[in-house]
Amino acid sequence: MLEAAELPEAQKKAIEVSGKSVLICHAPQGWFAVSNICSHANEKLECGRMKHGIIVCPVHGARFKLETGEAMSAPASKPIETFELRIVDGWVEVRV
Amino acid sequence: MNYQDRKTDKDLKAGAARCPAISTQDIIAQDKVQAPGWVRSESYEYLGSEDIDTARYIDPAFAKEEYDRLWTRTWQFACREENIPGVGDYYVYDLGSYSFIVTRVSKDEVKAYYNACLHRGTKLRASGTDGTASEFKCSFHGWSWNVDGSNKSVTCPWDFPHVNRDEYKLPEARVALLGGFVFINMDPDAPSLEDYIGPEALAHIKAWKLEDRYVALHVGRRFQCNWKLNIEAFQEAYHVIQTHPQVAPSNGDANSQYDTYGEHVNRFISTLGVVSPHLYGKVSEQDVFDQFTLGDSSALGGGGKPQLKEGETAREAMAVMFRGMFEQAFNADLSKVSDSELLDCFSYTIFPNLFLFPGISLPMVYRFRPDPKDHRASIFEVLFLRPVPKDGKRPEPAEPIMLGDNQSFTEAEGMDPGFGAIMDQDTENLFLQQEGLEASAKHGLTLGDYQEIRVRHFEKAVDKYMAMPPKRPDWKRAQP
Ligand code: FES
Ligand code: FES
Ligand SMILES: [Fe+2]
């Protein structure tokens, strides 16, 4: 789906997988795949800040744990979806 | 160590008596690598001996007035610049029910917006959060502001012909940057931060270059006491012998030095690697060396401490040891740093609620805030600032760890166990003091003229602001 080398540490990229917008995150804490759509008002997360394993929605500021998708602050209360991710021969694979 | 009987004459002027042991300045004067001017100066002033009325700690009406008189007029540490390195990065700072979005609007400019929508008031960002924004959009009806505070959009503008968007810029608190700290002040008429701190203390702060440090650890906890009691527990070394008996063998507590600068800054210098005057004759130099406590003993490695050489003092040996240790641990050049800066505890208060410790072995920042819902509770935070490594790559500031109400500081990941234990000892007294003040038939605190001058100086500043009329933020005056 995506070459791992294309995404250096501390970067993220939104890709389309089976009709879903998925955000691939290469955090210092590891690789994560989460929904690119914020659970609060369906805005895109791809321009948000990623730090300490947390992604921050750039629109109203809700924060989500990359590992579990858990919503950590208002205005979101529901989690975002997370997906299984593995790296095989330098390629990032996501199960949706 | 010599213990001369001096400076204790009954007929000394009020406030002139000192511990008869060797003075802080005399200890520091014997060091090999000499200390800079800001260490080697004194600035004590006697401010009276009257009791401090205790209503300020126990009366909820007093706390309520503080929000309108004191907090709205004073400079407060909101965040570090490193929390908001890029344009659009923001950090929400709360004080009581006040809340601000502190954000970088250009490379050199930081603003602090009142964190409330100008439509029907919703917070634009939740408290306790940070992030990066391309706009500040309200989650209720979608009114939006640009990062520079100008109004970006009003939803259904046809329904708001009475709203002139030029007049709906986000109101701002004043912002000042110093030493890598972002300060805010709600009062448009307050003096500049420089004038508020005053020339002498300002020169000290500038000399420390705290902008070249980074937040390596940030831990907070709530305590069952008024915020001012929480602060005052850290303004004297008088309590060391009773509260921290394990520290006294290597701390010049009763002979610590106390200074005040203008109305808003005070400090103490408490020497380390020397024995407490309370314990003269009871511990040896080797005992001192064996028992010192570090703010960050991870720098020590696992090696344990060696024996002193013949004729060597613990303080000399510690200076040599600390220099090597910290240079290695922090990958930083400390060759020009004095023994005193490496070893001693320098505690500065910048009124109302910031403490800076510019030393190397004890490199803390404290912040104290009232609990917005309870005048008998306060929130305490400690940050450890380490030098940025020599290669210049600044590590990310640590994410704050908020402990639960019954947790020990030693439970915070990354906290030095010895230091955590000291913090626990300091804070275990607090609820007893709060409750005792409420139970007491005596309605005043009695203070030592010298060792508790910082408490008196601090409360004098409280009195000054509380004597002023209430001043609530005015959104029209707060617009640029
Ligand atoms: S859409 Fe993400 S916080 Fe509102
Ligand atoms: S309250 Fe903010 S848009 Fe209505
Ligand atoms: Fe203490």
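Phe77(B) is buried in this predicted model, with a relative accessible area of 3%. Over all chains, the structure holds 36 aromatic pairs. The points below treat aromatic contacts, charges over rings, and backbone features.

**Aromatic pairs in chain B**

- A pair of aromatic rings is described by how far apart the centres lie and by the angle between the planes.
- For Phe77(B) and Phe181(B), the ring centres are 5.1 Å apart and the planes stand at 85°, so this pair is edge-to-face; the cut-off for that class is an angle over 60 degrees.
- Phe77(B) belongs to strand β2 (residues 76–80) of chain B, and Phe181(B) to strand β11 (residues 181–185) of chain B, so their contact ties together parts that are 104 residues apart in sequence.
- A cluster linked by ring pairs is made up of Phe223(B), Phe234(B), Phe355(B), Phe357(B), Tyr366(B), Phe368(B), Phe380(B) and Phe409(B).

**Arginines over ring faces**

- Phe77(B) also has Arg367(B) over its face, at 4.7 Å from the ring centre.
- Arg18(B) lies over the face of Tyr450(B), at 3.7 Å from the ring centre.

**Cis peptide bonds**

- Most peptide bonds are trans, and most residues other than glycine have a negative phi.
- In chain A, Ala74(A) and Pro75(A) are joined by a cis peptide bond with omega of about 5°. Pro75(A) sits in the loop between β7 (63–65) and β8 (82–88) of chain A.
- In chain B, a cis peptide bond with omega of about 5° connects Phe351(B) to Pro352(B). The loop between β15 (345–350) and β16 (354–356) of chain B contains Pro352(B).

- His52(A), a residue other than glycine, has a positive phi near 50°. It is located in the loop between β5 (50–51) and β6 (54–56) of chain A. With a relative accessibility of 29%, His52(A) counts as partly exposed.
- Cys156(B) is not a glycine, yet its phi is positive, at about 55°. This cysteine, Cys156(B), is found in the loop between β9 (151–153) and β10 (172–178) of chain B. Its relative accessibility is 39%, so Cys156(B) counts as partly exposed.

How values were computed
Residues numbered from 1 in each chain as written. Chains lettered and ligands numbered in written order. Predicted model: local features only at pLDDT ≥ 70, side-chain atom pairs only at ≥ 80, totals over all residues. Heavy atoms only, no water. Phe/Tyr/Trp six-rings, centres within 6.5 Å; stacked < 30°, edge-to-face > 60°. Helix = DSSP H or I, 4+ residues; strand = E, 2+ residues; numbered from the N terminus. Buried < 20%, exposed > 50% of the residue type's maximum accessible area, 1.4 Å probe, protein only. Lys NZ or Arg CZ within 6 Å of the ring centre and 35° of its normal.
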